[in-house]
Amino acid sequence: MKPLEHPWFLFVQMDVDPSHEALFHEVYETEHIPALLEVPGVRSVRRFRRNEELRIALGGEAQTLSFPAEPGFTALYELADPKIVLGSQWAKAVEAGRWSSLVRPFTSNRRHTIHSTISWKTKS
């Protein structure tokens, strides 16, 4: 993977009411992501589901870590510039389609953070 010229990442995390999870995924994939990818400077979107536990070797021993208060879903937006999320095209895209009226009201535990890349290494 080639490092970005302007590597910024917006993390959007949330939980969704289980009774609306199917609609959440459908609208995210078919409406929300396509609308945001039309915004100039939005390079990619990846979505993740948090696992309930993490088994990991730390300090020389296997441990089980669990963070139940952390949001269950994360979207990672790759951006050319952090100011994109302040623009009118972004503002219009995040309100487009069924997201704002039929999905957002059933989300909770929302977190938005923006990160700049300080290092990027890949296997050769």
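These notebook entries record what I looked up in a predicted model of one protein.

**Entry 1. Ground rules.** I number residues from 1 along each chain as its sequence is written. Since the model is predicted, I note that local features need pLDDT of at least 70 and side-chain atom pairs count only at pLDDT 80 or more, that totals for chains, interfaces and linings use all residues, and that side-chain values use heavy atoms, with hydrogens and water left out.

**Entry 2. Overall inventory.** I found 3 helices and 6 strands in the protein; these are DSSP runs numbered from the N terminus, with helices being H or I of at least four residues and strands E of at least two. Read from the N terminus, the order of elements is β-α-β-β-β-β-α-α-β. The C-alpha trace spans about 50 × 40 × 20 Å along its principal axes. The accessible surface is about 8,200 Å², and 56% of that belongs to carbon and sulfur atoms; such areas come from the Shrake-Rupley method with a 1.4 Å probe, and for residues only the protein chains shown count as cover. Of the 124 residues, 29% are buried (buried means under 20% relative accessible area, exposed over 50%, partly exposed in between, with a 1.4 Å probe and protein chains only). I also looked at contacts (heavy atoms within 4.5 Å): among those with a separation of 6 or more, 78% are between residues 24 or more positions apart.

**Entry 3. The sheet.** I traced an open sheet of 4 strands, ordered β2-β5-β1-β6, with antiparallel pairing; two strands pair if DSSP finds at least two bridges between them. Strands β2 (42-49) and β6 (107-116) are at the edges with a single partner strand each, so one side of each has no neighbour in the sheet. From one strand to the next the twist averages 15°. For angles, axes are lines fitted to C-alpha atoms, for helices over the stretch in contact, and values run from 0 to 180 degrees between N-to-C directions.

**Entry 4. Pairing of β1.** Strand β1 (residues 8-16) is joined to β6 by 8 bridges in the antiparallel sense. Along this pairing, Leu10 is opposite Ile114 and Asp15 is opposite Ser108. Helix α1 (residues 21-37) packs on the sheet and touches β1, β2, β5 (73-79) and β6, its direction making about 165° with that of β2. Between β1 and β5, I counted 7 bridges, again antiparallel; Phe9 has Glu78 of β5 as its bridge partner.

**Entry 5. Leu76.** I next examined Leu76 in strand β5. Its relative accessible area is 14%, so Leu76 is buried. Leaving aside residues up to four places away in sequence, Leu76 touches Phe9, Leu10, Phe11, Ser44, Val45, Arg46 and Phe48. Its C-alpha atom is separated by 9.9 Å from that of Thr113, 37 residues apart along the chain.

**Entry 6. Asn109.** In strand β6 I checked Asn109. Its phi is near 55°, a positive value in a residue other than glycine. Asn109 counts as partly exposed because its relative accessibility is 29%.

**Entry 7. A surface patch.** Leu54, Ile56 and Leu58 form a nonpolar patch on the surface, with about 210 Å² of accessible area together. Patches are made of residues with over 30% relative accessible area and no salt bridge, like charges being joined within 9 Å and nonpolar side chains (Val, Leu, Ile, Met, Phe, Trp, Tyr) within 5 Å; a salt bridge is a side-chain nitrogen of Lys or Arg within 4 Å of a carboxyl oxygen of Asp or Glu. Leu54 belongs to strand β3 (residues 54-58), and at 42% relative accessibility Leu54 counts as partly exposed. In a regular strand the side chains alternate between the two faces of the sheet.
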